[in-house]
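Student: Could we go through this structure together? I would like to start with the terms.

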Amino acid sequence: MITLTRFALRRDRVRLTVWLLGIACVPSGVATTLADLYPDVASRRPLSADLAHNPGLLAFTGPADNLLSLGGLVVWRGMGTTCILAAIMNFLLVLRHTRADEESGRLELLRSAPVRRSAPLDAALLTALIADLVLALLIAAGLIGAGLPAGGSLRFGLATAACGLFFAGLAAVTAQLTEFTRPATGVAAAGLATAYLLRAVGDSSGPHWLAWLSPIGWAQRSGAFGGGPWWTTPAALLAAGLLALAARRLEARRDFGGGIVASRPGPARATRLGSSFALAWRLQRGTLLAWTLGLAGFGLVSGGLAEGVGGLVDDSPQLADVLSALGGEQSVVDSYLATVFGIYGLLAGAYAVSALLRLRAEETEGRAEALLATPVGHLPWAAGHLAIALGGVAVMLLAAALTTGLTYGLAAGDLGGALPDAVRAAIGQIIAAWVFAGLGLLLFGLLPSAAPGAWAAIAGAAVLYLLGDALNLPQAVLDVSPFTHLPALPGGDPSVTPWLWLLTITALLAGAGLTALNRRDLH
């Protein structure tokens, strides 16, 4: 097991380093920003009073406890995001070293040697444990560097690590339930979404005990900087251990290569798969539906919060400055909505990368080889997935625009004005998100092993959008992101020039990617 753990750490040395440093920067960045926004107790008091009566924002960010201290502010604003990122890192890590390796045949080769049956699963969980311990130390070091107490910073890091380990255990269980990596990932992601939903409902309208059913809620109530029970972090670790034990029991009861839940056989005749586009739609429709529903739900919450933002910033001019910096020099509500649509655009860009990387999975898992042995050529095969990615971005952003405009328009009594403004704002984000689809296709066509680098481009764009101003980065660096060039809508002055440039860049990237793909052999 130790040798397998060392091998896993060596395989993931670059990927884990990026994940750990990226996650660790979130709480320290939030601490630095909030220290500038709310430098003393007097400036924090109005925010604390407003949040206590704003269930919408509590659902968005988490419980508002101990907001008169900087540590309490960091827990309120940064703990939820940090836990979600740690959860994603953990379940992807465990699934890659268990179900994905089993699906690709690597574990079959490994088990031809004298290796204990449960050794790969144990090694994956031990790798996750080591990664989470390093993450806890990095988070603590960052918070201490931001001027927070050492004890509370370490408790913050340990609470995040415990939450991440819970989802590592959950992924270990889902890896035993299904035969393929994609449904196992979907079940683990559904578990994360359920945990977030329980916390959000419990922290807003109630019943409040629902938040105690979520590992994210445990982390946010760990009292890292005072005021919370001590036992939430040990409880998360205990739950993670029980999930790991359950995964080992399930693994002993299934055949190698199979899952506890057997896959259903497909229809004898595939009458609806008459083209490469139809096949791409069949493969990606479930993922697109999940993203669309998620973004539409996000729009319901964000649109419902818009009316309350105006009242919140009346007592907090610092927050109004931040929203104006992100969303432009329009009204505070328009700035807030422009910021929300920027986040929609980032999420849509992430979907575009995910949809394009399906091509890479089809190639590495051998299905593309069988398909391309038929009269279907490289270009129709890739163009089908590209069309789904571009169309999917448009569908999910328009769905988010409709829910955001609808809830905000009904709350403000201006549905006729809010809905068209939201649709116009979404159209601009669609064009920016398409750039990442073109970039993903270019990387896949030129150098398939570098295709996952498109995720780094999305992560970089997110950092530039959310923290670029706070970090005082030069304009030349900010201009690398396509989102920097968009007009701040709604409320700003629309201009078609940046949209035309972004469309041109997308076309060039996609054209170059298709050309490169058509000239190379499958790997």
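Tutor: Buried means under 20% relative accessible area, exposed means over 50%, and partly exposed lies in between, with a 1.4 Å probe and protein chains only. This is a predicted model, where local features need pLDDT of at least 70, side-chain atom pairs count only at pLDDT 80 or more, and totals for chains, interfaces and linings use all residues. Residues are numbered from 1 along each chain as its sequence is written, and side-chain values use heavy atoms, leaving out hydrogens and water.

Student: Is tryptophan 212 buried or partly exposed?

Tutor: Tryptophan 212 counts as partly exposed because its relative accessibility is 34%.

Student: Where is tryptophan 212 placed?

Tutor: Tryptophan 212 sits in the loop between helix H10 (181–203) and helix H11 (215–220). Helices here are DSSP runs of H or I with at least four residues, numbered from the N terminus.

Student: New topic: how many salt bridges does a search of the whole structure find?

Tutor: The search finds twelve. A salt bridge is a side-chain nitrogen of Lys or Arg within 4 Å of a carboxyl oxygen of Asp or Glu.

Student: Which residue forms a salt bridge with aspartate 122?

Tutor: Arginine 116 does, with the closest N and O atoms 3.1 Å apart. Aspartate 122 also meets arginine 248 in a salt bridge at 3.6 Å, N to O. Aspartate 122 lies in helix H8 and arginine 248 in helix H12 (residues 232–252), so this pair ties together parts 126 residues apart in sequence.

Student: And is aspartate 122 buried or exposed?

Tutor: Aspartate 122 is buried, at 10% relative accessible area, whereas arginine 248 is partly exposed at 37%.

How values were computed. Helices (H or I, at least four residues) and strands (E, at least two) are DSSP runs, numbered from the N terminus.
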